[in-house]
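Please look at the chain as a whole before turning to its parts.

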Amino acid sequence: SDETPHDMGVICRYQDDDNFYYLVISSDGYYAIGKFSGGEDKLVGMEEMPADENGIIQIGLAANNLRADCVGDTLTLYANGKQLLEDTDTEFTEGGVGLIAGSYDNAPITALFDNFIVKKG
């Protein structure tokens, strides 16, 4: 397929465009928890995005159900009801939530989100 790989996910602890956490999966089966800190993009607890070896992420144009828990200093990413990753980071303790999507190679993509639910613990 000539589909452009892209990633999509959830933002939490949003301070501004340069400071927030993101919990994402990619359309080619990778996942990560990361953050922008002072405008610098870094992954939390890893050097590079690992591949989903367990087939949890639906790849290609398939739909995925995402959940991100940002509770205290613990950040947890789920896809389709199964936990992909959990790590801790203490830099941001509060902030807004949102959605994020992007593509590699600056190719245009469309990501559709529905049923976005925010719960405060």
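A residue is called buried when its relative accessible area is under 20%, exposed when that area is over 50%, and partly exposed in between. With that cut-off in hand, and keeping in mind that this is a predicted model, one can turn to strand β3, which spans residues 31-37 and is mostly covered, since 6 of its 7 residues are buried. For the protein chain as a whole, 33% of the 121 residues count as buried.

The protein chain has 0 helices and 8 strands, and from the N terminus on its elements run β-β-β-β-β-β-β-β. Its radius of gyration is 14 Å, close to the 14 Å that the globule rule gives for 121 residues, so the chain is as compact as a globular protein of that length. Taken along the principal axes, the box filled by the C-alpha atoms is roughly 40 × 30 × 30 Å. Among the contacts between residues at least 6 apart in sequence, 46% join residues at least 24 apart.

Which strands make up the sheet that holds β3? It is an open sheet of 5 strands, in the order β4-β3-β2-β1-β8, and the pairing is antiparallel. At its edges stand β4 and β8, the latter made of residues 96-103, and each has a single partner strand, so one side of each is left without a neighbour in the sheet. Neighbouring strands of this sheet are turned against each other by 25 degrees on average, direction ignored.

Within this sheet, β3 can be followed to both of its neighbours. On one side, it pairs in the antiparallel sense with β2, which covers residues 19-26, over 6 bridges. The two strands form a hairpin with 4 residues between them, and in the turn G29 has a positive phi of about 90 degrees.

The remaining strands belong to another open sheet, which has 3 strands in the order β5-β6-β7 and antiparallel pairing. Its edges are formed by β5 and β7, each with a single partner strand, so one side of each is left without a neighbour in the sheet. The twist in this sheet averages 15 degrees from one strand to the next. The strands β5 and β6 run antiparallel and are joined by 6 bridges, and R67 stands opposite Y78 in β6.

Next comes the interior. In soluble globular proteins, nonpolar side chains tend to be buried together. In this model, the largest nonpolar core has 22 residues, of which I25, Y31, I33, L77 and L84 touch the most other members. At least two residues of this core come from each of β1 (6-16), β2, β3, β6 (74-79) and β7 (82-88). The largest share, 6 residues, is supplied by β2. What does I25 touch, leaving aside its neighbours within four places in sequence? Its contacts are H6, D7, M8, Y30, Y31, I57, N64, L66, L77 and L84.

A search of the whole structure finds 1 disulfide, formed by C12 and C70, whose sulfur atoms are 2.1 Å apart. The torsion about their S-S bond is about -90 degrees, so the disulfide is left-handed. Because C12 lies in strand β1 and C70 in strand β5, which covers residues 66-71, the pair ties together parts that are 58 residues apart in sequence.

Terms used. Residues numbered from 1 in each chain as written. Predicted model: local features only at pLDDT ≥ 70, side-chain atom pairs only at ≥ 80, totals over all residues. Heavy atoms only, no water. Buried < 20%, exposed > 50% of the residue type's maximum accessible area, 1.4 Å probe, protein only. Pairing = 2+ DSSP bridges. Core = buried A, V, L, I, M, F, W, Y, C linked by side-chain atoms within 4.5 Å. Contact = heavy atoms within 4.5 Å. Disulfide = S-S within 2.5 Å. Axes fitted to C-alpha atoms, helices over the stretch in contact; angles between N-to-C directions. Rg over C-alpha atoms; globule rule 2.2 N^0.38 Å.
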